[in-house]
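Dear colleague,

I am handing over the structure that we spoke about, and below it you will find my notes on what was found. Please read them slowly, with the structure open beside the text.

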Amino acid sequence: MEYERIQYDVPADGVARITLARPEAANAQDYLMLSELNSAFDVAAGDDNIRVIILAAEGRHFSSGHDLASPNPDMGDFPTVGTQCHFDAPGAEGYMAREAEMYLGLCWRWRNLAKPTIAQVQGKVIAGGLMLVWPMDLIVAADDATFSDPVVAFNVNGIEYFAHPFEAGTRLAKEMLFTGRPIGADELLARGMVNRVVPREELEKATLDLASHIAMRPMFGLTLAKQSVNQAVDSMGMYSALQAAFSLHHVGHSHNMEVHGRRIDPSGIDVIRSEA
Ligand code: ZN
């Protein structure tokens, strides 16, 4: 399979690795990258020889988030996997359907893959970058990794996969959102937001060693273990909470469109830049 925005390889027995390959743009995610990621996850999930999937990234930073330079690509160019429709409808309808399909829908789909997934993370993970990391089961972080969601500055509640309370706990979730402050590797580890922190130069090997260790276990047992933890969080209402926050996210987009003529408050760009 040929990809433009990602790479796919099998670096060890039973382990597939998907790598974001747009380092010149800090791995900003356009619809092409998201669509390629989804098909690569499907390839790994459908390969009986693969038991663990790593999601890694080339370059200095894992991902700077969604590529705001291309907000409304032609949806006909990408195979959809959810149940959304009317992507080109005016008003909130089309835009909400797009984000439900390409953002929340894909994240939730990857979160529920039957095989264990590991995010291998270095540098900055900003806003939409978290939407690739948080759906993974385990996170191995380099010592230079930081997580941030500064998009409240754009006059919305946060990113479309609103897992902050589940990932960071309520106090830190609110602080992340209210201040946009990046959370550094030591704090991520102390808060249980990543599984381990390793020196940057050891990141690839540490992640691969962990994946290979997991891959020695039987596939069905791993799937049952994963689903049992996921179902525990689901029984706490995670999916309902994601849907509720997604709805408020689109109240924010619609408000901004009425007031500013754009889906985000443009003054947020200067706020975020002044803090960078
Ligand atoms: Zn949005």
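**Notes on the model**

Helix 7, which covers residues 203-214, has twelve residues and reaches 17 Å from its first C-alpha to its last, close to the 16 Å expected at 1.5 Å a residue. Several residues of helix 7 are buried, namely Leu-203, Ala-206, Thr-207, Leu-208, Leu-210, Ala-211 and Ile-214. Please keep in mind throughout that this is a predicted model.

**Aromatic pairs**

The structure holds four aromatic pairs, and I describe two of them here. The rings of Tyr-31 and Phe-78 have centres 5.9 Å apart and planes at 75 degrees, so this pair is edge-to-face. This pair links distant parts of the chain, since Tyr-31 is in helix 1 (residues 31-46) while Phe-78 is in the loop between strand 3 (52-57) and helix 2 (91-111), 47 residues apart. Tyr-31 is buried, as is Phe-78.

How are the planes of Phe-41 and Trp-110 placed to each other? The planes stand at 40 degrees, with the ring centres 5.3 Å apart, so the pair is tilted. Here too distant parts of the chain are linked, with Phe-41 in helix 1 and Trp-110 in helix 2, 69 residues apart, and both Phe-41 and Trp-110 are buried. Ring pairs also link Tyr-31, Phe-78 and Tyr-103 into a cluster.

**Leu-106 and the cysteines**

Leu-106 is in helix 2 and is buried, with a relative accessible area of 3%. Setting aside residues up to four places away in sequence, Leu-106 touches Leu-34, Asn-38, Val-81 and Glu-101. Leu-106 and Ser-35 are 71 residues apart in sequence, and their C-alpha atoms are 8.8 Å apart in space.

Is Cys-107 buried or exposed? Cys-107 is buried, with a relative accessible area of 3%, whereas Cys-85 is partly exposed, with a relative accessible area of 44%. The structure holds zero disulfides.

**Strands and their partners**

Three strands form an open sheet in the order 5-7-8, and the pairing in this sheet is mixed. Strand 5 (124-126) and strand 8 (183-184) stand at the edges, each with a single partner strand, so one side of each is left without a neighbour in the sheet. Strand 7 (residues 146-148) pairs with strand 8 in the antiparallel sense over two bridges, and Thr-146 has Gly-184 in strand 8 as its bridge partner.

Strand 6 (residues 138-142) is mostly covered, for four of its five residues are buried. Strand 6 pairs in the parallel sense with strand 4 (residues 117-121) over four bridges, where Ile-118 stands opposite Leu-138 in strand 6. Strand 6 also pairs in the parallel sense with strand 9 (residues 196-198), over three bridges, and the bridge partner of Ala-142 is Val-198 in strand 9.

With best wishes

Key. Residues numbered from 1 in each chain as written. Predicted model: local features only at pLDDT ≥ 70, side-chain atom pairs only at ≥ 80, totals over all residues. Heavy atoms only, no water. Pairing = 2+ DSSP bridges. Disulfide = S-S within 2.5 Å. Buried < 20%, exposed > 50% of the residue type's maximum accessible area, 1.4 Å probe, protein only. Phe/Tyr/Trp six-rings, centres within 6.5 Å; stacked < 30°, edge-to-face > 60°. Contact = heavy atoms within 4.5 Å. Expected span 1.5 Å × (residues − 1).
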